Amino acid sequence: MSLTLSPVPALHGTVTVPGDKSISHRAVMLGALAEGDTHITGFLMGEDCLSTISCFRKMGIEIEVSEEEVVVHGAGLHGLQAPSELLYTGNSGTTTRLLCGILSGQPFSSVLNGDASIQKRPMGRIIKPLRLMGADIDGKDGNLCPLAIHPAPLSGIRYELPVASAQLKSAVLLAGLFADGQTTVVEPAASRDHTERMLRGLGATVETEGNVITLTPPETLRAVDVEVPGDISSAAYFLVAGLILPDSEIIIRNVGVNPTRTGILDALDAMGADIERLNERGDVEPVCDLRVRSSRLHGTVIGGDIIPRLIDELPVLAVAAAFAEGETVIRDAQELKVKESNRIAAMTAELSRTGADVRETDDGMIIHGGKPLHGADFLSYADHRVAMSMAVCALACEGSSSIDDPACVAISYPTFFDTLDSLKNNN
């Protein structure tokens, strides 16, 4: 069922976006491995994070879910129980890959599988380092779900990541919790560091020197309460919408601004965006409010070390580029090809429907922006980030648009369209 969207003159108001997806996943996983109860506020009740809860419940972890909080009753590092059925991870790459690290160190066998999208996403990059640690893990054709994991003793390793990937880094570090000796990961560029921060908060020794991260396996993890900030990936849609629609002003409350996640702010700043940080606060995870005002954007080059810091925001950045004056080049973003969809191909195709001048490259896109765009019938590819990006684009196009399968946004932002409507209604 498709959704019709009409252009709007401006957006005004204050919004709060859902809790950070990456932190929500990790709070459940590490809470399950900690001793004591973990109270999580601000938890993202999206389908991906609920898949993580489901998997840990199948391994004997009691998890209470209410509107106010999620409470994880931890069983300790060695307290997980053998699941009596397949662990289904839905559409969640984070659940699938991080669980591989945890399950590799367990004294029981398990099988992981997800939906049709997950079954196409590469798992070989996870399997390789886990096998180097001693894990008994295999997948379909050696690279795909379903994944079968059997008990095996693990040893710490020093592993140089072939790509900057928080999922890959985290899988290795989580396996390192159960390994004999230290585990060291060397990144080619900094990726989001929520796993390291949370492990330290639970009492583990994690040392970071540049892009080298070393974990000493702890005897125990101690439960702590987790306040999940708003997800900057979800805030990004309102940042771009506020920038490209004239006379707009939006305040987004309680957004996580971990430095490994703020590439979107740096990229938009380079394009001339008027975005202000207000009320900065936070300890383990820095938080602030963001105020965005409409701006005349100009093209820029987005590539290199910034890419891991904004990989999930690149689809909506492509929308910003389509409305910016001049040329924007997105490069070094091959990782976009192995997300829920091939996001390079998807965004090139969908922006082209509007009349935008977009060319796909092997590792990104070249976008010549600044000309008027028209509405179109957009495909979502069952990809939440493509759907939300094209919804933002539709607001600034001439004429109405439609998006197929808008329900896919529930993966990360179930109330996205309601929030968008609230900003339209303040004009």
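This is a predicted model: local features need pLDDT of at least 70, side-chain atom pairs count only at pLDDT 80 or more; totals for chains, interfaces and linings use all residues.
Local features need pLDDT of at least 70 and side-chain atom pairs count only at pLDDT 80 or more, while totals for chains, interfaces and linings use all residues. Residues are numbered from 1 along each chain as its sequence is written, and side-chain values use heavy atoms, with hydrogens and water left out.

**Salt bridges**

Side chains of opposite charge can pair when their charged atoms come close. A salt bridge here is a side-chain nitrogen of Lys or Arg within 4 Å of a carboxyl oxygen of Asp or Glu. The whole structure holds 26 salt bridges, and the table gives some of them.

| Pair | Closest N to O distance |
|---|---|
| Arginine 121 and glutamate 340 | 3.9 Å |
| Arginine 293 and aspartate 274 | 3.9 Å |

Helices (H or I, at least four residues) and strands (E, at least two) are DSSP runs, numbered from the N terminus. Arginine 343 has 1% relative accessibility and counts as buried; aspartate 383, at 0%, is buried too. Buried means under 20% relative accessible area, exposed over 50%, and partly exposed in between (1.4 Å probe, protein chains only).

Arginine 121 and glutamate 340 are both buried. In contrast, arginine 293 is partly exposed at 27% relative accessibility, as is aspartate 274 at 30%. A network of salt bridges links Arg121, Arg192, Asp312, Lys339, Glu340, Arg343, Asp383 and Arg385.

Helix α1 (residues 21-33) has 13 residues and spans 19 Å from first to last C-alpha, close to the expected 18 Å; the expected span is 1.5 Å times one less than the number of residues. Of its 13 residues, 13 are buried.

Threonine 38, in strand β3, is buried at 2% relative accessible area. Beyond neighbours within four places in sequence, its contacts (heavy atoms within 4.5 Å) include Ala27, Gly31, Val70 and Asp225.

Methionine 45 lies in the loop between β3 (35-41) and α2 (47-58). This methionine 45 is partly exposed, at 35% relative accessibility.
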